[in-house]
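Visitor: I would like to go through this structure with you. Could we start with the side chains and then turn to the strands?

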Amino acid sequence: QVQLVESGGGLVQPGGSLRLSCAASGKISDTRTMGWYRQAPGKQRELVATIIGGGLTNYADSVKGRFTISQRNAENTVYLQMNSLKPEDTAVYYCNAIMRAVGTGFVQYWGQGTQVTVSS
């Protein structure tokens, strides 16, 4: 199977920056998409950004111009550079991937989540 491990969350002041990383491990034979979602207290999980293997990206309107998603295909790793952070960006951020492991079809996987808190 595939495991996703996130890192890079933490506490940052408004206007600051953080970089999240997500590394996928396992017998991965193909990757369709990787991305990030977030869930704030009392709210539904929402898409933040996704990237397809060819480099095509998609962002939520609320983060366009501030967040950048990138991928290192050879290492099955995806990053989320977050700049100009706002208090409303506070949430648990989850890595997401649609991947195919050896011997299986495409499956959606989730990481355990990493807390991002934007506060002065």
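Visitor: How many aromatic pairs does a search of the whole structure find?
Guide: Please note that this is a predicted model. The search of the whole structure finds one aromatic pair. Tyrosine 37 and tryptophan 110 form this pair, with 5.1 Å centre to centre and 70° between the planes.

Visitor: Is that stacked or edge-to-face?
Guide: The pair is edge-to-face, because planes over 60 degrees apart count as such.

Visitor: Left-handed or right-handed?
Guide: The link of cysteine 22 and cysteine 95 is left-handed, with -80° about the S-S bond.

Visitor: Which arginines lie over the face of a ring?
Guide: Arginine 32 lies over the face of phenylalanine 106, at 4.0 Å from the ring centre. Arginine 45 lies over the face of tyrosine 94, at 3.7 Å from the ring centre.

Visitor: Where is tyrosine 94 found?
Guide: Tyrosine 94 is found in strand S9. This tyrosine 94 counts as buried, at 14% relative accessibility.

Visitor: What does tyrosine 94 touch?
Guide: Leaving out residues up to four places away in sequence, tyrosine 94 touches residues including Trp36, Tyr37, Arg45 and Trp110. Tyr37 and Trp110 are also the two members of the aromatic pair.

Visitor: What about the largest nonpolar core, how many residues has it?
Guide: The largest nonpolar core has 31 residues. Those with the most contacts inside it are Trp36, Leu80, Met82 and Tyr93.

Visitor: Which strand gives the largest share of this core?
Guide: The largest share, six residues, comes from S9. Among the strands that each supply at least two residues of this core are S3, S4 and strand S11 (114-118). In soluble globular proteins, nonpolar side chains tend to be buried together.

Visitor: Which residues make up the covered face of S11?
Guide: The covered face of S11 has Thr114, Val116 and Val118, while the uncovered one has Gln115 and Thr117. In a regular strand the side chains alternate between the two faces of the sheet.

Visitor: S2 and S11, do they pair in the parallel or the antiparallel sense?
Guide: Strand S2 (residues 10-12) and S11 pair in the parallel sense, over three bridges. S9 and S11 pair in the antiparallel sense, also over three bridges.

Visitor: What stands opposite valine 116?
Guide: Alanine 91 stands opposite valine 116. Valine 116 is also the bridge partner of glycine 10.

Visitor: Lastly, which residue has a positive phi although it is not a glycine?
Guide: Serine 84 has a positive phi of about 50°. Serine 84 is found in the loop between S8 and S9, and is partly exposed with a relative accessible area of 40%.

Terms used
Residues numbered from 1 in each chain as written. Predicted model: local features only at pLDDT ≥ 70, side-chain atom pairs only at ≥ 80, totals over all residues. Heavy atoms only, no water. Disulfide = S-S within 2.5 Å. Phe/Tyr/Trp six-rings, centres within 6.5 Å; stacked < 30°, edge-to-face > 60°. Lys NZ or Arg CZ within 6 Å of the ring centre and 35° of its normal. Core = buried A, V, L, I, M, F, W, Y, C linked by side-chain atoms within 4.5 Å. Buried < 20%, exposed > 50% of the residue type's maximum accessible area, 1.4 Å probe, protein only. Helix = DSSP H or I, 4+ residues; strand = E, 2+ residues; numbered from the N terminus. Contact = heavy atoms within 4.5 Å. Pairing = 2+ DSSP bridges.
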